[in-house]
Amino acid sequence: MSKAILNELSFQLMLDSTPGSLILVNEDGYIVYVNRSTENLFQYQREELIGQKIELLIAAKFSGHHPELRNGFFDKIQSRAMGKGRDLYARKKGGEEFPVEIGLNPLITVQGKMVIASVIDITERKISEDQFKMAVQSTPNGIVVIDKKGIITMVNNQTLKMFGYSEEELLGNSIDMLVPSSIKKQHVHYRNDFNEKPEMRSMGIGRDLYALNKNGTEFPVEIGLSPFESHSGSKVLASIIDITARKKDESDLQNYMEQLTIKNEEIKNFSYIVSHDLKEPVKSLNGIIKLLEFELGKNVDNNIKEYLIHINRSTTRMERLITDLLDYSKIGMEKTRSEVNCDLLVASVLEDLSGLIQKNNAKITVSKLGVINAYETELRLLFQNLINNAIKFRNSENPTVQITCNKDKNGLIFSIEDNGIGIAPENQSKIFEIFSRLHSKDEFEGTGIGLAHCKKIVELHNGWIKIESELGKGSKFTFCLNQS
Ligand code: ADP
């Protein structure tokens, strides 16, 4: 066997044993040799291919201008990938087209210049890439994929909208074009640090992050980083959320809160000043009525007497209302909490209410209550209002009132339960509103401020108050006071 034949045979053997598809093409575009993998991949017999133009194996869409490209290759012959940056498709014997990656390697032979094309079927990879692209497109966040050098290799539509660039303007360029100039320098360091220890994490924890859009405007962002391996090397997927609206909402909320605090303070001061200032004229009105009664003496007309009694009642009621309103506006003015012994506090409230208790023949039972860190004056008012109501809103039976206490992990929960007139379910939420009463003053005396007081006091202690009641069967008020 001649040496040339031997060489050719060993060359063929070598090509055949290569797992990938290899095609040897001459300068005129004719297939000179194909290996076994090519037969399998393209479903042709070797004899059917040798001597055919290579365009036979190229998808119809590309085969038209392929001869030109082929000539270009032989003019400037060098190893390179074919159709870089474009999706390439090859064609099988049956006409089926499939995505491929092709490497071109020049070969100078005695028969002239040739090229060995190595063809890789990338159908599987393309499917997963397409799925990845679809997932990236469908997320509401901006997604930017960069390589280790910070070059943008993929973006989704949301990114284009967010930054105002077209896809062509971003792909192949450095991620730095989306980074504000003030942090560009540090950003390179951050990127290097990340590359050294790539892990899924948020970017810039503890820092306010800003991005730069095409028209030079910086906007606040939140960025999540996920490293991954792709066929073309290590990449990082940056998921970007434009938080301009959220930041604005936060700052609006902060402004509203500040304004609300100022307004609340104003209202508090206003009701305090108004009720305080109203007290004096009402007092002098009472004085004048007394003087008038005295001046008119005993011989006064019965009608006038009646009028004076009415005026007197009204001014007394007005005085009571003003006092209650003043007390209401004062709640929370005492700024310090202290250790309050609730057993002693309730005992002293009951002593103050002893007249009312005796008059109504009321039976009060108090269980062990305990000590709590609280605003003492307010706490006293709270018990006083609830016990007073429990006796006042009685029915024909003698009032019985039970005061109990349970411990909670944050503080104490107290209950005051009576056997009085009860409250219908539809009225239960109204009673805590200021000036809200369910009865006329002729049925039960009062101003409708007591429970509003109670609500304000428990809120001052970061607690809550609720009622459980059945009309005609009594009521149970339960409130919780938090220790701090
Ligand atoms: P006031 O006692 O001055 O009327 P409150 O604010 O203390 O005002 O109470 C509001 C209303 O809630 C009362 O008018 C009454 O109708 C109802 N209420 C309060 N406590 C009781 C109770 N223990 N039993 C039945 N009704 C009650």
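Where is the place of serine 469? In this predicted model, where local features need pLDDT of at least 70 and side-chain atom pairs count only at pLDDT 80 or more, totals for chains, interfaces and linings use all residues. Residues are numbered from 1 along each chain as its sequence is written, and side-chain values use heavy atoms, with hydrogens and water left out.

Serine 469 sits in strand β18, residues 464-470 (strands are DSSP runs of E with at least two residues, helices runs of H or I with at least four, numbered from the N terminus). Serine 469 counts as buried because its relative accessibility is 18% (buried means under 20% relative accessible area, with a 1.4 Å probe and protein chains only). A polar atom of its side chain lies 3.0 Å from the backbone oxygen of glycine 474. Leaving aside residues up to four places away in sequence, serine 469 touches Gly422, Ile423, Gln428, Gly474 and Ser475 (contact means heavy atoms within 4.5 Å).

Strand β18 also belongs to an open sheet of five strands with mixed pairing, in the order β14-β16-β17-β19-β18 (two strands pair if DSSP finds at least two bridges between them). Its edge strands, β14 (363-366) and β18, each pair on one side only. Within the sheet, β17 and β19 run antiparallel and are joined by seven bridges; leucine 412 has leucine 481 of β19 as its bridge partner.

Turning to side-chain packing, isoleucine 387 touches Val346, Val349, Leu350, Leu353, Ile403 and Ile416, again not counting residues up to four places away in sequence.

Technical notes
Buried < 20%, exposed > 50% of the residue type's maximum accessible area, 1.4 Å probe, protein only. Polar contact = N/O pair within 3.5 Å; in protein donor to acceptor, adjacent residues only side chain to side chain.
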